[in-house]
Amino acid sequence: MLSYNVAGLLRATPGTARSYPVHETGLEIAEDVQLVAPIDGEVRLFRTGRSILATAELATAIEEPCSRCLATVVAPIRVKVEEEALPSIDLDSGQRLDTSTEPEALRLDEHHELHLEEPVREAISLAEPIAMLCRPDCRGLCTICGADLNANPAHRHDDEAIDPRLAALAQWRAGEPLG
Ligand SMILES: [Zn+2]
Ligand SMILES: [Zn+2]
């Protein structure tokens, strides 16, 4: 899991850093984003005067259909995450701290745990390519019959073979008798 107990680090002098290897396989990103590789990398936690600064460099891969030919494409993804997390509980007294002054800040939970799942999920979602291609020059699918034009570059339709009804219409327009 991408959660870290930082109670010890909070007691360390500012400037203290720790790093943790990441090998995460269970993180759900989104319904339409399928990871096909573990999230690998490193998380570094840094004690500042008032907080824990977390930075992470992570790599994974996602699977999506090519936007032209619908073939399955695997795309590598690299993300950098940087989050500052403030305590929500005073380490010595156990008292809840006033969090209303910085309501938007990421907070450590009541057990002094830092949760990076959400920031990592967000970073991976944003890194997802908008229109993925299986290759830059993908020819896509035939707009008439759906044939894969990468597999059949010579594929084409003779005009009259499109649809018999359209062919009849073309004849009628040309002033020829039907049938
Ligand atoms: Zn394609
Ligand atoms: Zn076709």
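Is T16 buried, exposed or partly exposed? T16 counts as partly exposed because it has 14 C-beta neighbours inside 10 Å. The cut-offs are 20 or more other C-beta atoms within 10 Å of its own for a buried residue, 12 or fewer for an exposed one, and partly exposed in between, with C-beta atoms placed from the backbone.

## Basis of the model

This is a predicted model, in which local features need pLDDT of at least 70 and side-chain atom pairs count only at pLDDT 80 or more, while totals for chains, interfaces and linings use all residues. Residues are numbered from 1 along each chain as its sequence is written, and chains are lettered from A and ligands numbered from 1 in the order in which they are written.

## Overall layout

The chain has 3 helices and 8 strands. Both are DSSP runs numbered from the N terminus: helices are H or I with at least four residues, strands are E with at least two. From the N terminus on, the order is β-α-β-β-β-β-β-β-β-α-α.

Of the 179 residues, 14% count as buried.

## Around T16

T16 lies in the loop between helix 1 (7-11) and strand 2 (17-24). Leaving aside neighbours within four places in sequence, T16 is in contact with L9 and R47. R47 belongs to the covered face of strand 4. I52 is 36 residues from T16 in sequence, yet their C-alpha atoms are 9.9 Å apart in space.

Strand 4 covers residues 39-47. Its covered face holds I39, G41, V43, L45 and R47. D40, E42, R44 and F46 form the uncovered face.

Strand 4 runs antiparallel to strand 2, with 8 bridges joining them. Strands count as paired if DSSP finds at least two bridges between them. In this pairing, S19 has R44 as its bridge partner. Strand 4 also runs antiparallel to strand 5 (residues 52-65), again through 8 bridges. There E42 stands opposite E57, and V43 has A56 as its bridge partner. A hairpin of 4 residues joins strand 4 to strand 5.

## Strand 5 and its other pairings

Strand 5 also pairs with strand 3 (residues 34-35), in the antiparallel sense over 2 bridges. Q34 and E63 are bridge partners here.

Strand 5 and strand 6 pair over 14 bridges, also antiparallel. A56 stands opposite V81 in strand 6. The hairpin between these strands has 6 residues, and L70 takes a positive phi near 70° in it.

## The nonpolar core

A nonpolar core is a set of buried Ala, Val, Leu, Ile, Met, Phe, Trp, Tyr and Cys residues joined through C-beta atoms within 7 Å. The largest one has 19 residues. I52, A54, A56, L114, L116 and V120 have the most contacts inside it. Strand 4, strand 5, strand 6 (72-86) and helix 2 (117-127) each give two or more residues to this core. Strand 5 gives the largest share, 5 residues. In soluble globular proteins, nonpolar side chains tend to be buried together.

What does V120 touch, not counting residues up to four places away in sequence? V120 touches L2, L27, I39, A56, L58 and V81.

Methods: Contact = placed C-beta atoms within 7 Å.
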